[in-house]
Amino acid sequence: MTKAVLWTAGDAATAIGGKTTGDWSVTGISIDSRKVSKGDLFIALKGPNFDGHKFAQSALDAGAHAVMVSDASGITETDKVLLVDDTMAALERLGIAGRARSSAKIIAITGSVGKTGTKEALKYVLSQQGNTHASPASFNNHWGVPISLATLPSDAQYGVLEIGMNHPGEISPLVKMAKPSVALITTVVGAHTEFFKDEGEIAMAKAEIFDGLDTDGTVILNRDNLHYFALARRAKEIGLTDIKCFGTDAMANYRLFEANIVTDGSAVRARVGGRDLEYFIGCPGEHWVLNSLAVLGCVEAIGADTERAARDLADVTPPAGRGEISILKVPSGDGTFTLIDDAYNANPTSMMAGIKVLAQSKPGENGRKIAVVGDMRELGDDAVKMHADLHQPLTALEIDRVYSVGPLMAELDKTLPAERNAGHFDTAEDAIDPIKADLRDGDVVLVKGSLGIYVSKIVSALKSGGVVVQTATEQN
């Protein structure tokens with residue numbers, strides 16, 4: 001299928017105040033020359049450790065239709081150059097222009113955990129009802145959000161943007177670009193705590209997502225979260241009055257009555273906007289149940305069909321790295337085992353959620369529940385205790401074997417009962433061969449850790465033996 005044109009040379013130059021002599025058009029945007037697709041506009045960003053200008057010509061060689069640069073030195077196809085003073089500032093202007101030309105209803109999502117999974121679920125159910133655009137992968141930062149807006153099709157009806165942060169002040173400028181109709185905060189817990197005094201400060205940083213809403217915009221909050229009242233109060237202080245909430249609380253607008261969590265998902269009974277609904281979401285775990293209510297709340301807030309969205313949640317499965325379930329061949333023997341790939345990121349709350357999913361799984365006749373847990377990063381002064389304390393849920397939920405990976409997980413290695421401790425390893429690479437040798441038919445394996453500890457390498461190594469069934473579906 002032919003991709004639609006996103007920007008012509010003239011439109012892009014006008015939007016950002018740049019100069020070009022060419023008559024090109026582009027169908028996508030890339031900032032990584034290694035991932036350029038044919039038809040892209042390659043934007044040469046500069047960072048403390050890299051300069052995209054060095055790769056501008058190779059991006060054109062790879063099929064980019066044009067390059068945005070502040071220095072055209074070394075580029076032979078001068079008619080494909082969009083010259084600007086500052087490429088990062090120009091990207092921001094292109095994002096703002098992309099938003100300005102669109103009439104799409106935008107939903108902006110932030111939260112300590114659950115942002116990407118909720119975004120993907122919302123993207124899927126809305127795409128069944130209209131042309132829907134969403135942030136790719138985790139494009140949720142100072143360059144990811146402008147790219148998501150700059151690639152927003154002019155005819156999109158809905159947009160779903162993930163907005164993240166590590167420090168105070170990072171969300172506000174991004175959400176002001178996005179101008180959403182709905183702002184969702186999935187929850188506030190202890191993540192990135194080394195950059196904040198306490199969770200209350202994290203909550204106020206998340207509340208910056210309200211800054212991009214007009215006064216008639218909708219705020220959706222987690223009623224079960226202890227920061228709910230502070231967040232609601234902050235929304236009211238800046239003039240927002242349409243404040244909705246989801247959770248188990250009797251006052252929740254999107255209220256959970258009951259959930260039956262099974263291996264391949266959860267059957268849910270809830271009240272959404274005054275209507276009782278029963279539906280199935282194809283993702284196991286309590287966190288997915290609650291976030292499904294947030295999804296339906298967002299659907300209602302933008303005027304789409306909540307009953308249809310509830311039905312379509314059955315087709316939603318966890319994305320890779322965030323709970324994707326695969327049936328794989330046992331590396332060193334006959335049979336298969338189940339892999340729960342939750343390797344993208346971790347904090348104490350998401351780690352607990354992952355352990356619960358593993359605990360609720362059903363291994364085969366001789367199978368075991370095996371957790372491979374890597375360091376949780378950015379936890380500040382409490383990091384040592386938080387890692388050591390993981391022995392409590394792992395023991396209470398009867399996880400059979402635990403592999404720990406990383407210097408911080410050495411604290412868990414000290415506290416974990418010997419009968420559950422399968423070994424500690426300094427790096428993910430060191431753990432691969434012992435894990436592969438240990439696996440047997442019927443095992444269920446959770447791999448969970450922060451991005452920087454690279455437990456995703458363990459996932460890749462386990463998948464290399466052969467994928468029999470993968471439950472995640474492509475969500476375009």
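**Exercise 1. Is phenylalanine 139 buried, partly exposed or exposed, judged by its relative accessible area?**

First, some ground rules: this is a predicted model, where local features need pLDDT of at least 70, side-chain atom pairs count only at pLDDT 80 or more, and totals for chains, interfaces and linings use all residues. Residues are numbered from 1 along each chain as its sequence is written, and side-chain values use heavy atoms, leaving out hydrogens and water.

Solution. 
- Step 1. Recall the classes: buried is under 20% relative accessible area, exposed is over 50%, and partly exposed is in between (1.4 Å probe, protein chains only).
- Step 2. Read the value. Phenylalanine 139 has a relative accessible area of 22%, so this residue is partly exposed.

**Exercise 2. Classify the ring pair of phenylalanine 139 and tryptophan 143. Then do tyrosine 228 with phenylalanine 229.**

Solution. 
- Step 1. State the rule. Rings of Phe, Tyr and Trp (its six-membered ring) pair if their centres lie within 6.5 Å; planes under 30 degrees apart are stacked, over 60 edge-to-face, and the rest tilted.
- Step 2. Note the count: the rule gives three aromatic pairs.
- Step 3. Take one of them. The centres of phenylalanine 139 and tryptophan 143 are 5.1 Å apart and the planes stand at 80°, so this pair is edge-to-face. Tryptophan 143 is partly exposed, because its relative accessibility is 24%.
- Step 4. Take another. For tyrosine 228 and phenylalanine 229 the centres are 5.0 Å apart and the planes at 75°, so this pair is edge-to-face.
- Step 5. Tyrosine 228 is buried at 8%, whereas phenylalanine 229 is exposed at 53%.

**Exercise 3. Which ring does the charged end of lysine 457 sit over? Which one does arginine 322 lie over?**

Solution. 
- Step 1. Apply the test: NZ of Lys or CZ of Arg must be within 6 Å of the ring centre and within 35 degrees of the ring normal.
- Step 2. Lysine 457 sits over tyrosine 454, 5.1 Å from the ring centre.
- Step 3. Arginine 322 lies over the face of tyrosine 344, at 3.8 Å from the ring centre.

**Exercise 4. Describe the surroundings of valine 26.**

Solution. 
- Step 1. Valine 26 is in strand E2 (residues 25-26). Helices (H or I, at least four residues) and strands (E, at least two) are DSSP runs, numbered from the N terminus.
- Step 2. Valine 26 is buried, because its relative accessibility is 0%.
- Step 3. List contacts (heavy atoms within 4.5 Å). Leaving out residues up to four places away in sequence, valine 26 touches several residues, including Val5, Trp7, Leu41 and His65.
- Step 4. Look along the chain. Lysine 3 is 23 residues away from valine 26, yet their C-alpha atoms are separated by 9.3 Å.

**Exercise 5. What is the strand order of the open four-strand sheet?**

Solution. 
- Step 1. Strands pair if DSSP finds at least two bridges between them.
- Step 2. The order is E3-E4-E7-E8, with parallel pairing.
- Step 3. E3 (28-30) and E8 (81-83) are the edge strands, each pairing on one side only.
- Step 4. Zoom in. E7 (residues 66-69) and E8 share three bridges, and methionine 68 stands opposite leucine 82 in E8.
- Step 5. H3 (residues 87-100) lies across E3, E4 (40-43) and E7, at about 120° to E7. Axes are lines fitted to C-alpha atoms, for helices over the stretch in contact, and angles run from 0 to 180 degrees between N-to-C directions.
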